[in-house]
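Dear colleague,

Please find below the structure that I am handing over to you.

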Amino acid sequence: MTSKKQGKESRKLDFSTGWDYAPAPQSSADITLAKRYKHFINGKFVAPANGKYFSTINPATARPLAKVAAGNARDIDKAVKAARAAYRNVWSKMAPAERGKYLFRVARIIQERSREFAVIESLDGGKPIRESRDVDIPLVAAHFFYNAGWADKLNYAFPTRSVKPVGVAGQIIPWNFPLLMAAWKIAPALACGNTVVLKPAETTPLTAMKLAEVMQDADLPPGVVNIVTGAGDTGAALVQHPDVDKIAFTGSTQVGKQIQRQLAGTGKRYSLELGGKAANIVFADAAIDQAVEGIVNGIFFNQGHVCCAGSRLLVQESVAEEVIRKLKDRMETLIVGDPLDKNTDIGAINSKEQLERINAYLKIGAEEGVQVYQSSCAVPDTGFWCRPTLFTGVAQSNRVVQEEIFGPVLAVQTFRTVNEAIAKSNNTPYGLSGGVWTDKGAKIFKVTRDIRAGVIWANTFNKFDPTSPFGGYKESGIGREGGLHGLEPYVTLN
Ligand code: ADP
């Protein structure tokens with residue numbers, strides 16, 4: 001399954017530096033994928049009620065990897081019933097320390113199988129192996145370890161309160177961090193004594209199905225974790241199921257709003273992690289080279305498929321020319337290509353639909369009169385690819401400044417004063433994350449206090465840790481995941 005063709009394409013690159021990289025492909029020879037994956041319900045792999053399956057493809061080759069079950073309302077109902085029975089009879093009654101042991105076991109198995117998970121994540125999702133190997137999978141294990149530790153300490157997490165689980169949680173996740181989003185949702189839910197029905201994204205279901213194998217290997221009691229694959233209608237059936245106590249959703253703001261409307265008045269709890277349009281603010285006194293690297297990391301690595309991506313750059317006018325020149329130089333050295341090559345910086349766009357969405361925004365940008373700059377790198381002939389792109393000469397009101405593009409596309413604006421930077425940064429419907437680059441602690445405190453965003457990084461970007469809460473303001477969502485705050489959506493406090 002290694003893609004020789006793409007390796008060759010990457011090697012064709014002629015860097016301005018004159019450097020070249022020998023291909024360093026991660027082998028996928030020892031990865032075994034089944035031809036077909038059924039739902040995981042009540043501890044067993046179960047055929048879909050309507051007998052239908054759909055293909056999940058490798059976006060780097062556009063070739064199918066496996067088929068997965070297309071879930072409908074009957075499958076969801078079966079999974080919710082299994083989750084309810086497991087909640088009532090087993091999981092909520094189990095001694096919390098025992099629940100913790102299962103989670104520790106899951107974490108250890110994931111660590112043992114981490115390379116396999118990383119390769120499958122890159123095959124199914126298109127992200128560079130460096131990212132899935134060094135970021136996604138280690139964080140998945142870390143989230144299970146972290147939450148395992150809380151299982152028998154909930155009374156310390158919420159002192160003086162009586163802590164109870166919520167019940168059955170329906171969890172719907174996107175395709176940008178498939179296994180990590182599953183871990184963010186499953187680990188705290190289980191630690192707090194809930195059972196779950198997870199609906200992975202339709203373009204990246206494979207690591208979730210591998211996670212189901214881990215749950216079996218860990219001897220997790222049947223029904224505690226159920227995984228039903230399918231598209232939006234499968235997710236909608238989960239949202240609408242009357243016996244689900246809580247919905248946790250990560251995905252687009254549009255679907256998040258739809259879910260919020262559907263849940264209004266039902267008494268179901270929900271947490272939503274939605275879109276973003278974060279700005280990296282670079283002051284003239286910043287370490288410019290570090291800032292440039294942080295900006296590149298924040299938007300170009302992982303194809304910009306990150307809801308907290310730094311998709312806007314606000315740069316102080318006096319250093320704008322320098323920063324943009326350095327950014328363009330750095331963009332020329334970025335390698336777009338085979339996700340399984342360890343040299344690759346930017347992998348495949350997750351799906352044809354997503355590439356079309358990004359391309360539509362490139363067109364919108366051009367129509368809005370902004371200047372579009374793309375690196376000159378080669379991209380493979382097959383699969384879905386987007387060169388790193390800069391928009392300059394943009395106005396605050398431009399759609400490419402206001403709307404989430406979810407691709408390796410950066411909109412650059414300038415500012416003169418701290419207050420102008422803060423006002424521009426806050427002037428979108430989103431509030432998920434932000435970044436500030438400066439030598440002055442006072443500016444860091446001012447910006448982090450005045451920007452309405454859930455996470456703000458100072459002199460770094462896109463750093464994650466299971467102990468740290470993550471979530472948005474405004475149209476970026478409701479509720480927090482991670483850290484102590486991430487337990488709250490999964491407990492009832494009296
Ligand atoms: P994106 O546009 O980034 O693909 P979506 O919000 O469409 O994000 O998808 C995120 C997750 O939500 C996926 O698992 C998808 O199948 C699911 N989903 C899509 N539409 C709905 C819906 N109406 N109700 C519930 N889940 C949905």
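This is a predicted model: local features need pLDDT of at least 70, side-chain atom pairs count only at pLDDT 80 or more; totals for chains, interfaces and linings use all residues.

Residues are numbered from 1 along each chain as its sequence is written, and side-chain values use heavy atoms, with hydrogens and water left out.

Domain 1 comprises 36–274 + 476–493, and domain 2 comprises 279–458; such bounds come from an automatic or database domain assignment. Their centres, taken over C-alpha atoms, lie 30 Å apart.

Contact (heavy atoms within 4.5 Å) involves 27 residues of domain 1 and 29 residues of domain 2. The buried area, meaning the accessible area (1.4 Å probe) that two parts lose on being put together, summed over both, is about 2,200 Å², with 57% from carbon and sulfur atoms. Within domain 1, Arg 130, Trp 175 and Ser 476 lose the most area to domain 2, together 26% of what that side buries.

One salt bridge (a side-chain nitrogen of Lys or Arg within 4 Å of a carboxyl oxygen of Asp or Glu) is counted between the domains. Arg 130, named above for its lost area, also forms a salt bridge with Asp 345, at 2.8 Å from N to O.

Yours sincerely
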